[in-house]
Amino acid sequence: MHARNSHHLSEPFAVRRIIIGATLIFVGIFLVAPLLLVFTKAFENGLAAFFAAISEPDALAAIRLTLLAAAIAVPFNVVFGLVASWLIAKFDFPGKSILTTLIDLPFTVSPVVSGMIFVLLFGLQGWVGEWLDEHGMKIVFAIPGIILTTMFVTFPFVARELIPIMQTQGTEEEQAALVLGAGGWKTFFRVTLPNIKWGLIFGIILCNARAMGEFGAVSVVSGHIRGLTNTIPLHVEILYNEYHMNAAFAVASLLTFLALATLIVKKVVEWKLKEKLIASSSSWTPLPLPTKLTEMNEEPL
Amino acid sequence: MQADTSNKRISNRKKGRRVLPGFGLSLGFTMLYVNLIVLIPISTLFFKSFSMTWDKFAGAITDPRVLASFRLSFGASLAAAFINLIFGLLVAWSLVRYHFPGKRIIDALVDLPFALPTAVAGITLTALCADNGWFGRYLQGLGIKAAFTPVGVVIALTFIGLPFVVRTVQPVLEDFDPDVEEAAASLGANRLYILARVILPAIRPAALTGFALAFARALGEYGSVVFISGNIPMHTEISPLLIVTKLEQYDYAGATAIAMTMLVVSFALLLTINLLQARMNRSV
């Protein structure tokens with residue numbers, strides 16, 4: 001940034017070159033090469049093979065199930081994220097830090113454990129498994145289990161994106177609206193929501209990307225019934241294990257496109273947030289929320 | 001009447017920020033949702049493990065195959081977190097301090113491991129490291145076998161944890177006041193001394209947080225590892241995979257014991273990270 005940084009207060013030219021070189025090699029090996037490989041393998045046998053792989057019945061069934069799970073899990077978690085961030089950012093109450101820790105929980109639990117708890121709860125040996133079986137209901141190894149697990153895994157994304165943004169904004173604008181006679185809902189929709197718009201969009205995109213891409217947790221509860229309980233990532237696994245490499249990468253490339261779109265949206269949102277002069281302390285990195293949440297409000301913008 | 005409202009206002013002010021509407025509603029909804037989706041499901045794990053006798057629990061986690069999986073999971077996660085600590089610092093440093101072509105693209109790409117589904121990462125890294133793969137053929141020439149060995153596990157876990165150190169250190173470096181460096185330089189400190197005594201202490205808490213996060217994430221990782229590891233019992237079988245295997249054999253108690261042990265470790269790590277974060281916030 002500063003000119004002085006790059007002159008007498010920087011490293012010697014050779015050292016700089018080595019550090020940049022190491023960065024480029026590391027990023028090249030771990031990030032660029034995998035991306036190139038996915039698309040190379042996906043399109044190796046031509047466009048016709050690519051489209052055949054993503055349009056065969058099992059692939060379409062997997063795409064439909066993934067869309068369904070995301071279409072249910074994401075809206076629920078968006079509503080929760082809005083309500084929880086309103087609660088945590090606008091009010092002080094005892095047990096707030098416990099609540100934020102609980103919201104973070106799905107990030108710290110292994111995906112395998114996330115799936116397992118639903119098997120323990122709803123599986124045949126589980127708490128309510130027998131009762132469910134008697135009544136002819138199936139949750140685990142069926143679609144409801146996949147949706148529940150997806151909800152659990154994607155639960156924190158919207159909330160933790162919104163909490164820091166709402167906190168930096170404080171409550172002055174809402175208070176002004178209330179004093180001027182607006183009701184609670186009107187204040188929320190006309191004052192709060194426009195202020196958090198970009199953070200909300202980013203939270204939804206992240207939540208959706210994870211909902212569509214989750215593998216470990218969904219794998220545990222799915223039962224892997226082809227055409228019935230396979231999501232896109234599980235379908236990729238099956239194709240790969242059956243040595244249909246190009247088909248596996250063709251389907252995988254769909255998820256890779258989604259990942260790249262997510263990265264682009266992230267950049268746009270960051271840019272928009274900076275434009276609005278909101279010091280977004282939030283990040284996509286699942287960092288634990290600061291324990292002393294109120295401290296953030298005292299920092300000048 | 002008049003006195004009543006003013007009293008209410010005073011009590012509102014006393015409650016501090018609780019002047020906005022919707023406290024009860026949002027508290028109720030949040031608690032209900034957190035309970036239904038997170039707390040009740042997670043509690044099954046605790047009840048299941050408390051229903052086991054201590055002997056049975058200890059027996060389950062000291063089984064040789066389980067111990068081997070712990071060794072691999074902890075060892076490989078630690079190795080991957082160290083690689084990420086070193087390269088993460090270098091990447092963050094380059095991105096903040098230097099200018100080079102492609103910098104913005106690299107900055108955006110750093111988040112790829114968060115965005116890319118783990119299954120896709122798994123098959124891709126396996127294809128790269130396989131004997132005939134883009135990297136595998138050269139590694140083989142060097143006498144290193146990456147796919148289906150612990151080396152492969154470390155590679156997958158390095159990929160998964162890559163963004164953590166970069167993203168924790170980057171903002172701290174950006175906020176670092178160059179005047180401090182200038183002051184040190186004007187007092188006669190050389191570059192290496194400034195790095196070690198001025199810059200490193202400032203970024204140490206962030207770097208440690210990133211390291212701990214990468215480690216915690218690697219411990220639980222499943223999707224990206226199961227493809228590249230080959231899943232050979234006692235050799236390349238990670239703990240999360242062993243949980244899945246036990247679940248498939250309906251050995252719910254055995255799976256619970258492993259899961260519980262890993263959960264306790266994750267919580268300990270989370271606590272450490274929170275303490276580090278608190279210290280970081282205080283110093284900022």
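A: A residue is called buried under 20% relative accessible area, exposed over 50%, and partly exposed in between. The model shown here is predicted.

B:Val172 belongs to helix α9 of chain B, which covers residues 150–175. If neighbours within four places in sequence are set aside, the residues in contact with B:Val172 are B:Ala202, B:Ile203 and B:Ala206. B:Ala214 stands 42 residues from B:Val172 along the chain, and the C-alpha atoms of the two are 18 Å apart.

The second topic is the interface of the two chains. Chain A contributes 101 residues to the contact, and chain B contributes 97 residues. About 9,100 Å² is buried between chain A and chain B, and carbon and sulfur atoms give 77% of this area. Three salt bridges are found across the interface. In one salt bridge, the side chains of A:Lys266 and B:Asp111 meet at 2.5 Å, N to O. On the side of chain A that touches chain B, helix α1 (residues 13–43) of chain A supplies the largest share, with 19 residues.

Finally, both chains take part in a nonpolar surface patch of about 540 Å², made by A:Trp127, A:Val128, A:Trp131, A:Met137 and B:Phe47. Of these residues, A:Met137 is placed in the loop between α6 (129–134) and α7 (143–154) of chain A. A:Met137 counts as partly exposed because its relative accessibility is 40%.

Technical notes
Residues numbered from 1 in each chain as written. Chains lettered and ligands numbered in written order. Predicted model: local features only at pLDDT ≥ 70, side-chain atom pairs only at ≥ 80, totals over all residues. Heavy atoms only, no water. Patch = residues over 30% accessible without salt bridge, like charges linked within 9 Å, V, L, I, M, F, W, Y side chains within 5 Å. Areas by Shrake-Rupley, 256 points an atom, 1.4 Å probe, with all protein chains shown as cover. Salt bridge = Lys/Arg side-chain N within 4 Å of Asp/Glu carboxyl O. Helix = DSSP H or I, 4+ residues; strand = E, 2+ residues; numbered from the N terminus. Buried < 20%, exposed > 50% of the residue type's maximum accessible area, 1.4 Å probe, protein only. Contact = heavy atoms within 4.5 Å. Buried area = accessible area lost by both parts, 1.4 Å probe.
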